[in-house]
Amino acid sequence: MTGAEPLWSVATLVPLPVLLPLFAAGLTLALHRFATAQRVISVTALAATTAASAALVVAADSGPIVVDVGGWAAPVGIDLVADRLSALMLTVSGVMLLCVLLYSLGQGVPEGDTGDERPGRVGDAIPVAIFHPTFLVLSAGVANAFLSGDLFNLYVGFEILLAASSVLLTLGGTAERIRAGSVYVIVALMSSLLILSAIGLVYAATGTVNMAQLAMRLPEIDPTVRLALQLLLLLAFGIKAAIFPLSAWLPDSYPTAPAPVTAVFAGLLTKVGVYAILRVQTLLFPVDETVDQVLLVLALLTMVIGILGAVAQNDVKRLLSFTLVSHIGFMIFGVALASEAGTAAAIYYVVHHISVQTALFLVVGLVEWRGGSTSLDKLGGLAKLAPGLALLFFVPALNLAGIPPMSGFLGKVGLLTEGVTNGSGLAWALVVGSVVTSLLTLYAVVKAWNKAFWQTAPPEIEPHVPLPRGMVWPTGALVAFGLLLTVAAGPLYGYAERAASASMDGHSYVDAVFPGGSERGTGESAEIVGESGGKSAGDTGGEAP
């Protein structure tokens, strides 16, 4: 933003999803002795963040909105770019994070030991002083990754996520959580090292890490070098997204954490990796049939092996963790088709999966609270004991399986239609694999339903255990949000199509960052050029020093 602009504009909203949670994290840490103040600050910050993101969804439909951080023009400075894709991801993640935070408050996050040892109760396992600041930092990292206009700042977003998620995974300090957290940190650090190495090589080959500038320069370098850079970035982001065979870490890491933490990880963190793949494949690299074929194979393997793992599980948390891996394959399927229709279907499916997978893990937290376990052999009779809980599980479970007319079905129809249109042997194999995966997903969730809700209740399940309303209402809100994606499927899918079209074309993104058509910015801050009477930071004419 330049000195000639008004004090407030729509661009003012762009950094808020990053700044508000970070500012609130500092406040909650400073007020660690005041649990009520922490709760109010956290909820207010995430509610404001979600509102700002929703406003950006509307504003970005007219074109990408760019903010030069510190007033320094690209490519010297860091850009935050809110286009249709990033704004949509911000909004959905904001809704999810807010619901999970409210759920955690309803579950009870006291400062000390409550004496309640009920499985699934957060209790003393998540001290308020640690949970709220860490959760807010996680939110800021997610927003920074979605808004980043250059590769290094994207890496910074991933590192913020790593720092916050490693703390959340190990809260409570149990041996199981420490082991799972250690595995997660090791894998995440390896991925971070790969990303940093790839960024260094990209800079060596092109002289920039700004995505808009890379979109112009990468097609001009040696094709072999470009392919190597593309594969290295895909490898690094593939670990984050849990694509097979890089997904073995996930089923052992996620189920050990408390329900709110598991829900955030399952619903959102892998989708940040998918978003990075979407951004890189559509903006930075031209269509490469070889890479697309490899991605199609990996998508098929991710679908099939993931769902076979889910079918074999007898713990509902691990079952859902394997379905999470499996359904990442649907998103990669859409990316690998390398078409606007395939990309649009992938974007819609990402939005659907964030809401449904998060809702299911929150429901499992309620199941664990009511039944005392997540083992299907130790559950039963919950349909009679808690009919509302049965409904909360039933709706997103069918949505995950893709039962018509729900959003999961609509997203899969888009993917299958484009797969048939593609007509290649691999695309047809993905079509068949998608249908088989959907049927096995239905089998897995029906098995979980029958054992947890229909089989005879074991004697250890107490007949009268009320569910905390503070946990039930946020879960119900997220389930309702998943249904809203079905009701509003037309406008939402249309928005996804426009986002896919802009992402595949890339010109609107590049023109927004470099409105003058040049690859270089002024390299001067708005304040300096305002005083000297020269060009503004938004004017891309001239060379950076």
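Q: Is serine 42 buried or exposed, and at what relative accessibility?
A: Happy to start there! Buried means under 20% relative accessible area. In this predicted model, serine 42 has 1% relative accessibility, so serine 42 counts as buried.

Q: Where is serine 42, and what is serine 42 in contact with?
A: Serine 42 belongs to helix 2, which covers residues 35-60. Setting aside neighbours within four places in sequence, serine 42 has contacts with Thr28, Leu101, His132 and Leu136.

Q: How many residues does the largest nonpolar core have, and which have the most contacts inside it?
A: The general idea is that, in soluble globular proteins, nonpolar side chains tend to be buried together. Here the largest nonpolar core has 179 residues, and Leu151, Phe237, Leu284, Phe333, Phe393 and Phe453 have the most contacts inside it. Helix 13 (residues 340-371) supplies the largest share of this core, 19 residues.

Q: What does phenylalanine 393 touch?
A: Not counting residues up to four places away in sequence, phenylalanine 393 touches Val316, Leu360, Val363, Val445, Ala448, Trp449 and Phe453.

Q: How do the axes of helix 13 and helix 15 cross?
A: Angles over 145 degrees count as roughly antiparallel. The axes of helix 13 and helix 15 (residues 387-401) cross at roughly 150° and come within 9 Å. The two helices are therefore roughly antiparallel to each other, and helix 13 passes helix 15 in a left-handed crossing. By class, their contact has 13 nonpolar, 4 polar and 1 charged residues.

Q: Which residues meet there?
A: From helix 13 they include Tyr349, His352, Leu360, Val363 and Arg370, and from helix 15 they include Leu389, Phe393, Pro396 and Asn399. You have already come across Phe393 among the residues with the most contacts inside the largest nonpolar core.

Terms used. Residues numbered from 1 in each chain as written. Predicted model: local features only at pLDDT ≥ 70, side-chain atom pairs only at ≥ 80, totals over all residues. Heavy atoms only, no water. Core = buried A, V, L, I, M, F, W, Y, C linked by side-chain atoms within 4.5 Å. Buried < 20%, exposed > 50% of the residue type's maximum accessible area, 1.4 Å probe, protein only. Helix = DSSP H or I, 4+ residues; strand = E, 2+ residues; numbered from the N terminus. Contact = heavy atoms within 4.5 Å. Axes fitted to C-alpha atoms, helices over the stretch in contact; angles between N-to-C directions. Parallel < 35°, antiparallel > 145°, perpendicular 65-115°, else oblique. Left-handed = near helix turned anticlockwise from the far one by under 90°. Nonpolar A, V, L, I, M, F, W, Y, C, P; charged D, E, K, R; others polar.
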